[in-house]
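Here's a quick guided walk through a protein model, written for someone who likes to know the cut-offs behind the words. Have the viewer open and follow along.

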Amino acid sequence: MTRLVRGRRRLLLVTAAIMTAAAIFLPLWGMTLVSTQYPDGLRMVVYPDHIRGDITEINMLNHYIGMTPISDGLFLELRLLPIGFAIVAAACVAAAFVRRLWAVVLPLALMAALAGYGLWSMTSRLYQFGHDLDPRAAIHIAPFTPPMLGMNQIAQFASYAYFSWGTFLPLVAGALVTLVLMSDVRGAGPRTGSKT
């Protein structure tokens, strides 16, 4: 029975590691801009290490309102996030083979730190892009914050923002590691002196 529990625990942690590692190659977040001129929409998709989509067209439009051009080189986050995901995945694998409570707490703490950093970074970046507008721009609009999630109307564009698999998989991985942690804590309670 103990061996079966250990097998499940290890399987959950390795699964969490695979999910987190896979997120390096999947889109984290995206935005689609729709207007009468662009009924099919202009898309921007953010991966952990690069940005794809209709970036040239979006930058051309943003130029008229004085917004900073979007490019991979502008974001330090695109160099840090793949490393962060890889470290978390490695910590999950290590926790699968080190039967100590701290070994499970570590990847969970790293996940929380990475999620916090990503959320803070995204919030501040969206604010920065919508508020640091060049006053010499051809078209003047009121400062705004592009939406992180959901629909918003900015000038003649309706913007639709959404999270994607690169965000969902690490969240599920975090839930799996939390499940293992809860199981380890319960197992450690009544068996004082037994291995966790």
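Predicted model: local features only at pLDDT ≥ 70, side-chain atom pairs only at ≥ 80, totals over all residues.

Residues are numbered from 1 along each chain as its sequence is written, and side-chain values use heavy atoms, with hydrogens and water left out.

Let's start with helices H3 (residues 77–97) and H4 (residues 101–131), which pack at an angle of about 165 degrees with their axes 8 Å apart. Helices here are DSSP runs of H or I with at least four residues, strands are E runs of at least two, and both are numbered from the N terminus. The axes are lines fitted to C-alpha atoms, for helices over the stretch in contact, and angles run from 0 to 180 degrees between N-to-C directions. H3 and H4 are therefore roughly antiparallel, a label for angles over 145 degrees. On the H3 side, the contact (heavy atoms within 4.5 Å) involves residues including Leu80, Gly84, Val88 and Ala91; among those on H4 are Val104, Leu110, Leu114 and Tyr117.

Now for the rings. A search of the whole structure turns up four aromatic pairs, counting rings of Phe, Tyr and Trp (its six-membered ring) whose centres lie within 6.5 Å. One of them joins Trp165 and Phe168, edge-to-face at 6.1 Å centre to centre and 90 degrees between the planes; edge-to-face means over 60 degrees, stacked under 30, and tilted the rest. Why are these two about one helical turn apart? Because they sit three residues apart in helix H5 (residues 165–188). Trp165 is exposed, at 55% relative accessible area, while Phe168 is partly exposed at 36%. Those labels use a 1.4 Å probe and protein chains only: buried is under 20%, exposed over 50%, and partly exposed in between.

Finally, the buried pair of residues. Ser159, in strand S5 (residues 157–163), counts as buried at 0% relative accessibility. Leaving out residues up to four places away in sequence, Ser159 touches Met31, Thr32, Leu33, Pro147, Gly150, Met151, Asn152 and Ile154. Asn62 belongs to helix H2 (residues 55–65) and is buried too, at 10%.

Technical notes: Parallel < 35°, antiparallel > 145°, perpendicular 65-115°, else oblique.
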